[in-house]
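Here are my notes for you, point by point. Keep the model open while you read and find each spot as we go.

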Amino acid sequence: MKFEILAECSTTKARVSRMTLHHGPTILPTFMPVATQGTMKSLTPTQTASLGITLQLNNAYHLLLRPGMEVLDKAGGAHKFQGWKGNMLTDSGGFQMVSLSEFAEVTEEGVLFNSPFDGKPTMLTPEQSIGIQHSIGSDIMMQLDDVVSSLTTGPRVEEAMWRSIRWLDRCLEYHRTAAPKPHGNAQTIFAICQGGLDPKLRTICCEEMVKRRDDSGLGGIAIGGLSGGEEKDVFWRIITQCTDELPRDRPVYSMGIGMAEDLLVIIALGVDMADCVFPTRTARFGQAITFDGFLNTRSRSMAYDLRTIEEGCPCPTCSSGMTRAFLSSIGGTPNAATAITLHNLTFQARLMGQAREAILEDQFPAYLKEFFPRYFAGDKQGIPRWCVTALRSVGVDLQPGVEVEGKKLGGGD
Ligand SMILES: [Zn+2]
């Protein structure tokens, strides 16, 4: 894996970079759509690629269940199995095994859970997790980590952090020494930084990541243990702390983030990659995302609305002239799901593309000041206060003179 920084914002911590993986370059910052069961729901791989998407996320757990390792090995990996020619990131499978199993216990050896195949207790070790991802052939493999909810407190958070570091070392060691390795050294591992909402633990974990920066198997670092219902003001402070303390010579990935405002804030705080099921899932419920906020195509008011979802949108749905009234009339059908998924993924890609362009031209603060008021214009609450506070911390003031957290600030703080 090759990582080159192309431009850095002179105000915020945002940057544009080129990450070259086995299936080609991906320009960061980027949003990775989630292809849950090896498929982007409602789309073919060709349709996904046609939107300019070069990196997507697959779930190792789902691929393990269906089609299973035997078929993947026979096919030569998930790319060939699915007909996906772009880059692929897979999670370790641990999170879903724990969350979907009626019983799961974490031991030093690995995660013990009920097998989805026969219900018998089964162990998933860090080594097995990388072995599964070797069969999948994903360009980026995630380490197995000891997952705790972001709302967990006390000694369990520290225990999980240290165990995740030990498991990272086991993953790296296994990747280095495993034989046979069907995809050679084409794959890279991303670590997951844990430590919950405790800044001291985060510092320790970031220091451990810095110690491993010379390991050639370590491609990038994810910030885990967030977006689990914690306060947004706590969320962004942990993000900005991690981007300050983690090595800046490789990509930083914030897991489970996909709302437009969250994406722009974390980019300003120095994050390079994010993923979320939200844009595709919400599309299946008829909700379109636009630069003017959300549009519910199933609302009654759409029945006579002959505009497209979004004027000027280059997606196949809008550019074909499909009307809101039509989408409303076919609401709930697979056709509507496909049409809105195409639009929503195009929105995510345009948002990221515009952000990259603004950073390249060193106009990112101006872009943020243009995006936020428009996107939240129809929202009674207006721009979320945490976005204002977070962006002020990196020198961008969306609401000059307006107090947040009892402090009146002009310009950045
Ligand atoms: Zn569109």
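1. Some housekeeping. This is a predicted model, where local features need pLDDT of at least 70 and side-chain atom pairs count only at pLDDT 80 or more, while totals for chains, interfaces and linings use all residues. Residues are numbered from 1 along each chain as its sequence is written, and side-chain values use heavy atoms, with hydrogens and water left out.

2. Now, what holds the zinc ion? Cys313 (SG), Cys315 (SG), Cys318 (SG) and His343 (ND1) coordinate the zinc ion, at 2.1 to 2.3 Å. Donors here are N, O and S atoms within 2.8 Å of the metal (3.2 Å for Na, K and Ca); water is not among the atoms, so sites may look incomplete. Along the chain, the donors are spaced as C-x1-C-x2-C-x24-H.

3. Why is the zinc arrangement called tetrahedral? Because the four donor atoms subtend angles of 104 to 117° around the zinc ion. The rule for four donors to count as tetrahedral is that all angles lie between 85 and 135 degrees. For reference, the ideal angle for four tetrahedral donors is 109.5 degrees.

4. On to the rings. Rings of Phe, Tyr and Trp (its six-membered ring) pair if their centres lie within 6.5 Å; planes under 30 degrees apart count as stacked, over 60 as edge-to-face and the rest as tilted. That rule gives ten aromatic pairs. One of them joins phenylalanine 235 and tryptophan 386, which is edge-to-face because the planes are at 80°, with centres 6.2 Å apart. These two sit 151 residues apart, phenylalanine 235 in helix α9 (residues 232–245) and tryptophan 386 in helix α16 (residues 385–392). Helices (H or I, at least four residues) and strands (E, at least two) are DSSP runs, numbered from the N terminus.

5. Are those two partners buried or exposed? Phenylalanine 235 is buried, at 1% relative accessible area, and tryptophan 386 is buried too, at 10%.

6. Phenylalanine 235 has another neighbour to look at. The charged end of lysine 232 sits over its ring, 4.8 Å from the centre. "Over" requires NZ of Lys or CZ of Arg within 6 Å of the ring centre and within 35 degrees of the ring normal.

Definitions and conventions. Four donors count as tetrahedral if all angles lie between 85 and 135 degrees; four count as square planar and six as octahedral if opposite donors are over 155 degrees apart and all others between 65 and 115; anything else is irregular. Buried means under 20% relative accessible area, exposed over 50%, partly exposed in between (1.4 Å probe, protein chains only).
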